[in-house]
Amino acid sequence: MQPGGSVDSVPLDADVSTGVEETASNEKGGSVNGPEIRSTCNMDDIEAEFHCHVVDENNEDYYNKPDPIRCKRYNAQMPKESGFRRSTSTCLELIRNAMLRHRWQEAAELMSSYMQMLEDTSVSKQLMACEIIWRLGTEILQHHPNAKQEDFDMFYQSIKNVRVNNYLKISLDHSFHLMLTGHMEDACRQLSNAQNWRYGNLSSVQLNLKKVIHAYCGYLQYLIWYSKKSKASGAENDSGSDHEMHSYFRQASVTLQEVLEQPGVWDPFVLSYVEMLEFYNDLEKAESVLKNYAYNERFPVNPNAYVYLYEFLKRHDAPQNKQLEILKILQTLVPSHELMLEYCNILLGTGLHDDLRKALTVVMDLLEYTSWKQNVDAWEHLNEIMEHLGNGHCLGEWESRKNLWLSLHFTSYHARKDAILSVKLVDVKIKFLTPLIKNYQEYTTAAYRVKKRKGKNGSQGYKASANTGKKKK
Amino acid sequence: MDEELTDGYHEPCPQCLSVDWGVSDAGQFFCRFCHNVIERVLLYEDAELLSTSSRVSSLSRASIKKRRELHRNWIVIEGFQFVLLHQAEALVSMGVCSQFKDDILYNFWKRYLQATNQAYTRAPLCYGEVEAVSDFTSESECPSELSFQSEPSLRGRRKRTASGSSGSVVSSGSMDGSSYSKRKSGDFMTMPRTLALCYLALLWVREGITLSDLLRFASEKHLPYINVHEYFPEEMTVFGRDCQYFKVESIPSYSHVHKDILKLARIMKLPAFPPVTPDCLLHPSLLSLRYLVELNLPDELHHWLCKVIKQANMAEQALLTFDYSKRPIGTSHFSYDLQACALIIVTMKLLFRLDDSKEWKLSKIADFADPDAKQYSLAFWHTTMHKALVLARKREKLHTANQQWKSSKPFILSERNKSVFLKRRRVVEYLQTRFQKLSGQAVETEPTKPSSFIFLWGDGEDSDGPSLHCQKLDCNLKKRRQTQLCANKKYWHPLLRPCNPTVCGDHFAEVEPTLPRMYVWLLDLFSFLLRVSSSLMHEEVLKVERRFFKGQAVQGTNKRTTKIKQNGKPKKK
C-alpha cells in the first residue's frame, strides 16, 4: 500500500495548482497501487459496495401494470422490511436519482431526511450509512449552489466524529478538499490533527492511512513553501516572509525525509523534496535521495525513480556515462519509454561502434510498440543510425527481425494507414526498407495508390495528417 | 469525579458535538471524545474544599437524589394507557364524538385489563416487583379513570411503591419492563393493539373511520403512533427494556391489525356490536359511495351497486354487525372498507366486463357520442385516474422517503451507551438542520389536515383531474321494455371454489398473469387506496362474487327470470 501515481502522471514542472490537482485526482481515481482514498463517489461503486437495490422508477412501465414477478417479490418482502428501513432505502433511491439528474437542491433536501439512518440499531447498517452519507454528502455539497466552505467544514467535522473507523479517511478527504480550494494552511492543520488522533488500537488499514497522512502533511508543507517562494520571488525581498518560507522548508524536509525512508512509491513527494533541496542548492543531498529512491532494493521497482534521477542529472550536467547508465536500466524496465529517443541521441553522439549498435536495438525495440509504430521521429532516428552504421552492420539485426517486421510494419494495410496519416512517414519507412530488402513491393505500391487517390481529392488528407502529426508529438 | 464537576455544563462540543466533558488538572474543560479543549474553566470557590473527598461525595449524592425525584415508578400498561389516551384525544380532535373517548375506549381498556388479569381483579398477575396492583380495584382513584380525564394522573397511588426499584439493578425505566412480555398467554399489549383497540371503539360508536383510514392517519402522524414516548410525562422515563414495547419502526399492516382486532375481541369477550344500519357510514352502500367519489366514478354507478348489494345479500344486519361470538374462527375476515371496494369492482365488472376488450369497445361508443350528453367513457376515466395514481404514488414515495422515524428523545437501551445515543441524535439533528438550511427549506412545514380522501377532483388548481361524477352510463346500458339492462351480457370470474386456508395460502401470484390487465390495474388502484396487497383485494372480490352468485342462484330458482349458464370458466348472465 503506497501512495503515488502511475508512470506518466506526475507533473515534472511543479506548478502549484496543477500539481495539487494532479495528485489529488490520482488519488481520486484510485491509483494502481495506492490505498483506497476517494473523495468523489462513484454511484456504481456505492451500489456495488452497499448492495442497495435500486428500482428504476423512470422506466414508464414501473407505474403501469405491475409485472407478476415484481408483484410477488414485493409482497414477499413487505412484512420483512420495517417501515424505517423502507423509508431509508426509498430515500437513498430518490437521492441517487436526484444526483444522477443533477438536481442538487432536491438531493440536499432528501439528504437531510436520510440522516436518520445514522441512528439505525444495527452496527453494520450504521457503518454503511456513515460511509454513504459522507460520500453522497460531499458530492452534493460540491455541486450545490448555496454550499459554502463552512458547510463543508461542518459536514466533515461532524461526520468524521460519528464513528471512529472513518476518522482518518474522512480527515484525508477533508484536507484534499481544502487543498483543492486553496486553503493550504487549513488543510495542513487538518492533517496534523489527524496525525495526532488516536482512539484505541490502530488497525492495519489505519496504520497505512496514518502513513499516507504523514506523507501528505509533508507535501502540503512543500506546497505552502512553494507558494511562499513564488510570492517572494515576485515581490521585494522580505526577511519576515523569507524566514517563514525557510521554516516551512525545514518542516517539510523533516517530514518528507521520514516518509522517504519507508519503502513505497512516493513519486510526487520525492519530486517536491528534490525541488526544495535544489532551491537551497543542496545537490548532493538531492542526488542521494533520488539514488536511494531508485536503487534501494527495499523499494518496489519504479521506472519513474530512474526518470527523476536522469532528469536531475541532466539538469545539473552530470557526466554522460552516468546518464547512460540510468537510461540503460530504464530501457530494460520500460523499453517503450519516451526517453529512449534521447537515449539514442546520446548513443549517437558518442559515435562509438558499440554504442551505435546498441542504439539500433533500442530504436528497433521501441518501434515494436504500438504507440511508436507510426512515429516519424523514431523512424528517422532509425534511418540516421543505419546511415552511421552502414547497411552491412545492420543486416544481422534485421535478419533476426525480418519476418516480424514485414508483417508488423510493411503490409499493404499498414501502407494505407500510414499514407492516410502522413506522407513523410511513408517516405521514411520506404527509405528504411529499400536497402535492406529487394523485390518487396507490397508496401510501396499500396502506399503509392493511396497517395495518388489523395492527390485527386485535394489537399484535405495532408491537412488532416499534419494535425494528427502534431497531436502525436 | 469529572461528572460532578461538569454537571451543570451540557453544551455539545463544538468539534464533535458530544457531551462528554472532563476537567483537566489545570481546571480546563476538555471534550473526552475528541480531546478538544474549550475556553470554559472550572472556577474553584475554595480550592481546599475541593481536595477533600467529602465535598465530592455530597455532590454526587445530591445529583442522584435529584435524578430520583424526577423518576417515578410506572408499569408498562400505564404507558400504553398514555398512548391510548393520546390516540383517543387525537381522534376526538378529528371530530369523533366525545363519547368515544370517555365511555367506550375507557370501558374497553378496563375490560381488556380485567380479562387479561392485568388490573381490576382480585388476583392480578404478578410482574416483578409490583406487588400491590390489586390496589387498582379497591382504590376509587384508579389510574385509568384519572388519566383519561386529565394527564397528571399518576400522583395518587405512587406512594405505595416509592421504594420499589431502589437498590435493584435497573434495566428498564418501568417496573415490569423486563418481565411484561414474558407472560405466556400472549395477550399482553403491543403498539399495534392500541390501534386495534381504537378501531374496536370506533366501530362501537359507528364512526365512519375505517381501518385503512386509521392506519393512514397513524403513518401521516395525525394519530400518535410513531415515537409515542415523546408524549409521556417527564417522570416516566422510557429506558432499556421498555423500548421494545414503545419503539415503533413500522406501521403495522392491515391484516396484522385485523388479526389483532379479532384477537382482542376474543380476549375481551365483547358482546354483539350495535347494528350497522343503512344510515351508518360503515354500511356498504354509503361506504362505497365514498369510494366512488374518491375514485371519480359516476354517481349513477351507485344505483347498480345497490342492486349488487341486494343480490349478494350484503345489507344483511347479521352480516354487517361485528359480533365475534357468532362467527366461526375460519371465516373471521370481515372488513367494511375492503368489502365496499370489492363491491365497486364487481359492479364495474358487471357493467364493463373488464376483460381487456369489451370495456374499450364500450368506451369507444361513449367517445363518439354527443359531448353534451356527458357519457361516461371508461377509457377516459382510466387515463385521468392513471395519471392521478402515478402522481399519488410519487407523493407517497416522497412521503415515505421523508418520513422521520427516530425521535428527538432517543430510546436509550443501556446506561452505558447513553452518551453515544444522545450524541448520535445531536449529530443527526445538527446535520439535518444544516442541510435544510442549505436547501433553503422551510424548517416548519405546516401540518396537513387529516382527510379521508387522497385524490381531489374538480376544476381547482391542485385537483387531480376533471370531475366525472355527473356523467351518464347510457352508452353502457340497453333499454328493454322500460327496464334498463347492461349492454354487457357476459361476466367472467376466476375459479370461485374456496380452498382451505390452512392447507394452501395465497393463489394470487399464480393467477395474476392470466387475469385481464384492466382488472389487475383496478386491483392495484384499490390496494393503493386502502394500503393493502392486491391479493387481499382480489380475495375480497372473490368473496363478494361467491355471495353474489349464491344470491343469484336462489333468486333464479324462485323467479325463473334469469338463467345462469355455466360453460367452463366464463359465466353468462
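Me: Is Ser171(A) buried or exposed?

Reply: Read the relative accessible area and compare it with the cut-off: buried means under 20%. Ser171(A) has a relative accessible area of 1%, so it is buried. The model is a predicted one.

Me: Where is Ser171(A) found, and which residues does Ser171(A) touch, not counting residues up to four places away in sequence?

Reply: Ser171(A) belongs to helix α8 of chain A. Leaving out residues up to four places away in sequence, Ser171(A) touches Lys160(A) and Ala194(A).

Me: How many aromatic pairs does a search of the whole structure find?

Reply: The search gives 42 aromatic pairs over all chains. Among them is the pair of Tyr167(A) and Trp197(A), which is stacked, with 4.5 Å centre to centre and 5° between the planes. This pair links distant parts of the chain, 30 residues apart. Tyr167(A) is in helix α8 (residues 167–180) of chain A, while Trp197(A) is in the loop between α9 (184–196) and α10 (204–234) of chain A. Tyr167(A) and Trp197(A) are both buried.

Me: What kind of aromatic pair do Phe108(B) and Trp204(B) form?

Reply: Look at the angle between the planes, where over 60 degrees counts as edge-to-face. For Phe108(B) and Trp204(B) the angle is 85°, with 5.8 Å centre to centre, and the pair is edge-to-face. Phe108(B) sits in helix α5 (residues 99–115) of chain B and Trp204(B) in helix α8 (residues 191–204) of chain B, 96 residues apart. Phe108(B) counts as buried because its relative accessibility is 6%. Trp204(B), with a relative accessible area of 24%, is partly exposed.

Me: Which residue lies over the face of Phe410(A), and which has its charged end over the ring of Trp492(B)?

Reply: Find the charged end and its distance from the ring centre. Lys429(A) lies over the face of Phe410(A), 5.5 Å from the ring centre. In chain B, the charged end of Lys349(B) is over the ring of Trp492(B), at 3.9 Å from its centre.

Me: Why is helix α5 (residues 104–114) of chain A largely enclosed by the rest of the structure?

Reply: Count the buried residues of the helix. Eight of the 11 residues of this helix are buried, so it is largely enclosed by the rest of the structure. The buried residues include Trp104(A), Leu110(A), Met111(A) and Tyr114(A). What covers the buried residues of α5(A) includes α4 (83–100) and α6 (123–143) of chain A, together with α17 (378–402) and α18 (418–439) of chain B.

Me: How do α17(B) and helix α20 (residues 517–530) of chain B cross?

Reply: Take the distance and the angle of the axes. The axes of α17(B) and α20(B) come within 11 Å and cross at roughly 40°. The two helices are therefore oblique to each other, and their crossing is left-handed. The residues of α17(B) that meet α20(B) include Leu378(B), Trp381(B), His382(B), Met385(B) and Leu389(B). On the α20(B) side, they meet residues including Met518(B), Trp521(B) and Leu525(B). An α-helix has 3.6 residues a turn, so residues three or four places apart point the same way.

Me: How many helices and strands does chain B have?

Reply: Chain B has 21 helices and eight strands. Of its 573 residues, 50% are buried. Among contacts in chain B with a separation of 6 or more, 71% are accounted for by residues 24 or more positions apart.

Notes
Residues are numbered from 1 along each chain as its sequence is written. Chains are lettered from A and ligands numbered from 1 in the order in which they are written. This is a predicted model: local features need pLDDT of at least 70, side-chain atom pairs count only at pLDDT 80 or more; totals for chains, interfaces and linings use all residues. Side-chain values use heavy atoms; hydrogens and water are left out. Rings of Phe, Tyr and Trp (its six-membered ring) pair if their centres lie within 6.5 Å; planes under 30 degrees apart count as stacked, over 60 as edge-to-face and the rest as tilted. Helices (H or I, at least four residues) and strands (E, at least two) are DSSP runs, numbered from the N terminus. Buried means under 20% relative accessible area, exposed over 50%, partly exposed in between (1.4 Å probe, protein chains only). A charge sits over a ring if NZ of Lys or CZ of Arg is within 6 Å of the ring centre and within 35 degrees of the ring normal. Contact means heavy atoms within 4.5 Å. Axes are lines fitted to C-alpha atoms, for helices over the stretch in contact, and angles run from 0 to 180 degrees between N-to-C directions. Angles under 35 degrees count as roughly parallel, over 145 as roughly antiparallel, 65 to 115 as roughly perpendicular and the rest as oblique. A crossing is left-handed if the near helix is turned anticlockwise from the far one by less than a right angle, and right-handed if clockwise.
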